[in-house]
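Hi,

Here is the structure I promised to pass on.

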Amino acid sequence: MYFSSSTQISLKMNCWAPVLVSKVPLNTQRNQTASLALREMKSDLLSQRIGGFGTKLSSGGSSLGGSRIITQLNLQRTLSRRKSPTVSACWVPSSEVASTAFTVGTAAVLPFYTVMVVAPKAELTRKAMKSSIPYIVLGLLYAYLLYLSWTPDTIRLMFASKYWLPELSGIAKMFSNEVTLASAWIHLLAIDLFAARQVYHDGLQNDIETRHSVSLCLLFCPVGILTHCITKALTSSPEKKQHRTH
């Protein structure tokens, strides 16, 4: 009797076992499968190089998890770049800064040359050429570009010889940087405009034609100054000289 009852209990448990297994929620099995797949995917992604993050994933569930991981990693990389203490003009590329400074500086001086050539004796031209605003603007722009282009090797490149004198090779290497080249252009614009203003005022005081000399000062400043000196020597009559001396 004892054997038969044990056998019956064993048979009943064997019969109930499939039923109990079948009653296990399917969601639990799916969650376990998805969790295992996600762990495997994380280990694969972390072992790969950063350039391999864009690889497409085949299954839908793994694609969802992979996109989340990629988004988090990209966000961390972006934040770390923004926190890095590198010197930059608001994270704008140096070539773009140099190009913008070149255009702004050139456009800023053109109106002054225009009024000196078109209407040299107008009251507006006289007032404009007495103003110091263009030189302040160009000076600030030049200082900003100089700050961006300055490196520990700048002084060494400027005074490369053993006698602390500039050398052409060092200057050429220094100007290979676009920001440095743009600063040199702003430097020339400021000096050329100042020289053109001096020529203009000298022409007003001595009643000498200066429009051709001022035009040359825009691009060929030494030639413009030379032209003004020649013009002044040729057009100055003895009567004008006596009038200036008195």
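This is a predicted model: local features need pLDDT of at least 70, side-chain atom pairs count only at pLDDT 80 or more; totals for chains, interfaces and linings use all residues.

**What I found**

Residues 132-150 are 89% helix and 0% strand, with their end C-alpha atoms 27 Å apart (helices, H or I of at least four residues, and strands, E of at least two, are DSSP runs numbered from the N terminus). Residues 101-120 are 90% helix and 0% strand, and there the end C-alpha atoms lie 28 Å apart. Both spans carry the UniProt annotation "transmembrane region", from an unreviewed entry; UniProt positions are in the numbering used here, and such annotations may be inferred rather than shown by experiment.

Residues are numbered from 1 along each chain as its sequence is written, and side-chain values use heavy atoms, with hydrogens and water left out.

**Packing around α9**

Helix α4 (residues 94-118) and α9 have axes that come within 9 Å and cross at roughly 10° (axes are lines fitted to C-alpha atoms, for helices over the stretch in contact, and angles run from 0 to 180 degrees between N-to-C directions). That makes α4 roughly parallel to α9, a label for angles under 35 degrees. Among the residues that meet are Phe102, Phe112 and Tyr113 in α4 and Trp185, Leu189 and Tyr200 in α9, contact being heavy atoms within 4.5 Å. The residues of this contact divide into 15 nonpolar, four polar and three charged (Ala, Val, Leu, Ile, Met, Phe, Trp, Tyr, Cys and Pro count as nonpolar, Asp, Glu, Lys and Arg as charged, and the others, Gly among them, as polar).

Helix α9 (residues 178-206) also packs with α11 (residues 221-235), at about 10° with axes 10 Å apart, so these two are roughly parallel as well. Asp192, Val199 and Asn206 in α9 are among the residues meeting α11, whose side includes Ile225 and His228.

Most residues other than glycine have a negative phi. Asp207 has a positive one of about 55°, although it is not a glycine. Asp207 is found in the loop between α9 and α10 (211-219).

Cheers

Terms used. Angles under 35 degrees count as roughly parallel, over 145 as roughly antiparallel, 65 to 115 as roughly perpendicular and the rest as oblique.
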